[in-house]
Amino acid sequence: MIHAAITGWGKCLPPAVLTNADLATFLDTDDEWIVSRTGMKERRISHVPLGELARVAASRALACAGVAPEALDLIIVGSTVGDELAPNMASGLQHRLGATRAASMDLNTACTSFLYGLSTATALIRTGVLETALVVGGEVPSPFMDWEDRNTAVLFGDGCGAVVVRATDREEGLLAERLGCAADARGALDIRGVGARFANLGIPYGHTHWIFEGQEIFKRAVLEMTRAGEEALAKRGLSIGDVDLVVPHQANQRIIDAVGRRLGASPERTMLTVHKYANMSAATVPVALVEALEEGRVKPGAWLLLPAFGAGLTWCAHLVKWGERTTPLGSSDAELPPCDRTALEIVNELRARRARHAAAARPQLDAVQALLGA
Ligand code: UT7
């Protein structure tokens, strides 16, 4: 039986840090509210497009695996809002890396995109279609935030993670997963302004208006992540006691705590990054996985459970058996270009650009909002 081992891992976080105090300079919010409701203290804001973060994270993952870009058979870029749609993000990454043999596909299931990508790559390896794949989970939501909306603006951050997956006859890698979608609740998280539906109505692309029912998403996320985790474990006849580390999607520390309590996973066996990076959507799980490895929290042969949810509402949980190696084979010298602005300066530029767009598109915005009742 062919399995798909995770042999390389890499991350790229943009350097500019946006604190809760920074957010309070232009929003009616404060550190106490954000920390007590979400666990978030700061998040990163990117000075470059997602493709650059993906290049660096992918180069690090490839070096970690000791795999040359030319050896890749497939690149999957999992993301909600990529830099471009046609051509896709993955072909851009193929080009940047020089991975000339790789088929290249984008995958969007919102925050679960990396994990759905891991399922896809693993299935293609198990069935013998290919041998070596790169799976990227990345997101740069900062240009698409409605920075004047305190309900959503405080929750997200930019970042990227990547893994290399290779065929092996050892029983390791992704060994069971449960994938699903609660589409009846898809309206609870609706980012209006990043699809053709709104461009066709005359709204500038990226001028987003977030429909966001936080409490509804919260409840569904806890239910579905717990169910997915239990069902993934049951597929292997395992229980939560067999799991060495839970690496969940990082949307809110209270969601993570609630899922942990229901599953029976202690906080000591749960990886947390939400306090420093906030919700990086498709990037949260791969970045948390990379940091767990860097911190020595993934032991050889460990069982990992990766529950997640995202807009859609897509949900899933992945059960991974780690291999023997928990340290990189090599390192990459890939770096981002230097950043000469603070995160708050970048955000204030985005806010100013958005205000210019809004002024230019005011009649269309009013008409569309009347049409949609928003
Ligand atoms: O990965 C997928 C995306 N992530 C999610 O979908 C996250 C899921 N939901 C959540 O994490 C939580 O529901 C939130 C963090 C969004 C909100 O937490 P909550 O405990 O459910 O708060 P709430 O919705 O009950 O809001 C309570 C109050 C409201 O004021 P009123 O109406 O009670 O006067 C909000 O207007 O908190 C207010 N509020 C804020 N106050 C200060 C909302 N955002 C803020 C803010 N600062 N940033």
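**Reading ligand contacts and helix packing**

Modeller: A polar side-chain atom of Q215 lies 2.4 Å from an oxygen atom of the ligand. This is a predicted model.

Biologist: Which residues come nearest to the ligand?

Modeller: There are 24 residues around the ligand, and T29, R37, Q215, N252 and N279 come nearest.

Biologist: How far is an oxygen atom of the ligand from the side chains of N252 and N279?

Modeller: For N252, an N or O atom of the side chain is 2.7 Å from a ligand oxygen. For N279, the distance is 2.8 Å.

Biologist: Now the helices. What describes two packed helices?

Modeller: Two things: the angle between their axes and the distance between those axes. Take α8 (residues 214-235) and α9 (residues 253-263): their axes come within 9 Å and cross at roughly 40°. Therefore α8 is oblique to α9. The crossing is right-handed.

Biologist: Which residues make that contact?

Modeller: From α8, F218, A221, V222, L223, M225, T226, G229 and E230. From α9, R254, I255, A258, V259, R262 and L263. By class, nine are nonpolar, two polar and three charged.

Biologist: At what angle do α12 and α13 pack?

Modeller: Helix α12 (residues 343-360) packs on helix α13 (residues 362-372) at about 80°, with the axes 5 Å apart. An angle of 65 to 115 degrees counts as roughly perpendicular, so α12 is roughly perpendicular to α13.

Biologist: Which residues of α12 and α13 make the contact?

Modeller: A358, A359 and A360 of α12 meet R362, P363, Q364 and L365 of α13. Five of these contact residues are nonpolar, one is polar and one is charged.

Notes:
Residues are numbered from 1 along each chain as its sequence is written. This is a predicted model: local features need pLDDT of at least 70, side-chain atom pairs count only at pLDDT 80 or more; totals for chains, interfaces and linings use all residues. Side-chain values use heavy atoms; hydrogens and water are left out. Axes are lines fitted to C-alpha atoms, for helices over the stretch in contact, and angles run from 0 to 180 degrees between N-to-C directions. Helices (H or I, at least four residues) and strands (E, at least two) are DSSP runs, numbered from the N terminus. Angles under 35 degrees count as roughly parallel, over 145 as roughly antiparallel, 65 to 115 as roughly perpendicular and the rest as oblique. A crossing is left-handed if the near helix is turned anticlockwise from the far one by less than a right angle, and right-handed if clockwise. Contact means heavy atoms within 4.5 Å. Ala, Val, Leu, Ile, Met, Phe, Trp, Tyr, Cys and Pro count as nonpolar, Asp, Glu, Lys and Arg as charged, and the others, Gly among them, as polar. A residue is near a molecule or strand if one of its heavy atoms lies within 4 Å of it. A polar contact is a pair of N or O atoms within 3.5 Å; within protein, one must be able to donate a hydrogen and the other to accept it, and residues adjacent in sequence count only if both atoms are side-chain atoms.
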